[in-house]
Amino acid sequence: AGAVGLYNVGQTCCLNSLLQVFLMNIRFTGILRRIKVPPHAAQQRRNVPYQMLLLLERMQCGKQKAVSPIALTCCLSGHGVKLFVQYDAAQLFLTLWNLIKRQMKKLDLVEELSNLYTICVQEHLACQKCSFETKRYSSMLTLPVPLLDYNSHVLKTLEDCLQCFFQPEELTGQNMCFCDQCGRKTPFLQSLKLVRLPQTLTIHLKRFCFEKSAYIHKLSHYLPFPQDLDFNAVLTEKQCEADDKEKAGWQYELFGVVAHSGSTSCGHYCAYIRSLTEHKWYCFNDSEVCQVSWDDVKCTYGHYNLHLGETAYLLIYMKKHPQ
């Protein structure tokens, strides 16, 4: 079956876009097909992975150009994901992923899901007065990259944004930390080092930013992103805490773009996804699905003058050579 749309059942464009990104990912659906089906009808109605599986099966029976995700949305609303609400795609992605993970009962599938999506980083804090330093590992579901540098200058490319995200930051003045060894507050250097990258990597372009007031505005400036991305070429040795075997798998190709148009309070989402079986790009705009070109996808790079125009918000990259 080819690409199938999802009807909008109450401002669900954001949810629909994310569902397409999940369900067009054959590695994710490979995990989904092996879930334990809940025994009782009431449990089935409340189980997000199971409802996603049912939706996938309806999309793949290939009879309709679009199907309604109403059973899944009812299931999600039982878990606090309401209809008729404007969602932020990055937050909704996190919410959905956590629900899926929490309701997968098989531990091996939970581990596979984590390996498929989670990024591992090492957080590093070093006192600038003595040799005291702390390190801890943490995992992230997306790389939330800034679109402006520390001096509020516009970053020009995705590679610049990634480089900025992993740039060490000096904590001075009011941001100084207490150093156990010095016995007082001292300047620290805070940095993130990349340890492990997943098979499916989600990069969150932080296009919505808070001004000094409570007003959120959208950064809609031009930001190109490549079809092919090699992290070894983007980050320096110091920004990585990974062995050569891990780094050998850091070549990625673009799989999907979740794009936002309109204003922060009244916007619309759609998804551009490259089919992993046919290698063609499709635009999923709720129930409308059409084949597009790479030039169409590049239209989501953004533009200063098109303030309400369509701009990429989430970028989903896939490993080229999975180990």
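Helix 4 meets helix 6 through Val 48, Pro 49 and Met 52 on the helix 4 side and Leu 99, Ile 100 and Gln 103 on the helix 6 side, where contact means heavy atoms within 4.5 Å. Helices here are DSSP runs (H or I, at least four residues), numbered from the N terminus. This is a predicted model, in which local features need pLDDT of at least 70 and side-chain atom pairs count only at pLDDT 80 or more, while totals for chains, interfaces and linings use all residues. Residues are numbered from 1 along each chain, and side-chain values use heavy atoms, without hydrogens and water.

The axes of helix 4 and helix 6 (residues 89-103) come within 7 Å and cross at roughly 105°, which makes the two helices roughly perpendicular (65 to 115 degrees). The residues of this contact divide into 5 nonpolar, 1 polar and no charged.

Helix 4 (residues 48-60) also packs against helix 1 (residues 13-23), with axes that come within 11 Å and cross at roughly 80°. Helix 1 is therefore roughly perpendicular to helix 4. Leu 19, Gln 20, Phe 22 and Leu 23 of helix 1 touch Met 52, Leu 55, Leu 56 and Met 59 of helix 4.

Met 52 touches Leu 19, Phe 22, Leu 23, Phe 28, Leu 32, Leu 72 and Ile 100, leaving aside residues up to four places away in sequence. Met 52 is also among the residues with the most contacts inside the largest nonpolar core, which has 55 residues. Domain 1 (1-118) and domain 2 (142-165 + 199-322) both contribute residues, so this core lies between them.

Key: A nonpolar core is a set of buried Ala, Val, Leu, Ile, Met, Phe, Trp, Tyr and Cys residues joined through side-chain atoms within 4.5 Å. Buried means under 20% relative accessible area, exposed over 50%, partly exposed in between (1.4 Å probe, protein chains only). Domain bounds come from an automatic or database domain assignment. Axes are lines fitted to C-alpha atoms, for helices over the stretch in contact, and angles run from 0 to 180 degrees between N-to-C directions. Angles under 35 degrees count as roughly parallel, over 145 as roughly antiparallel, 65 to 115 as roughly perpendicular and the rest as oblique. Ala, Val, Leu, Ile, Met, Phe, Trp, Tyr, Cys and Pro count as nonpolar, Asp, Glu, Lys and Arg as charged, and the others, Gly among them, as polar.
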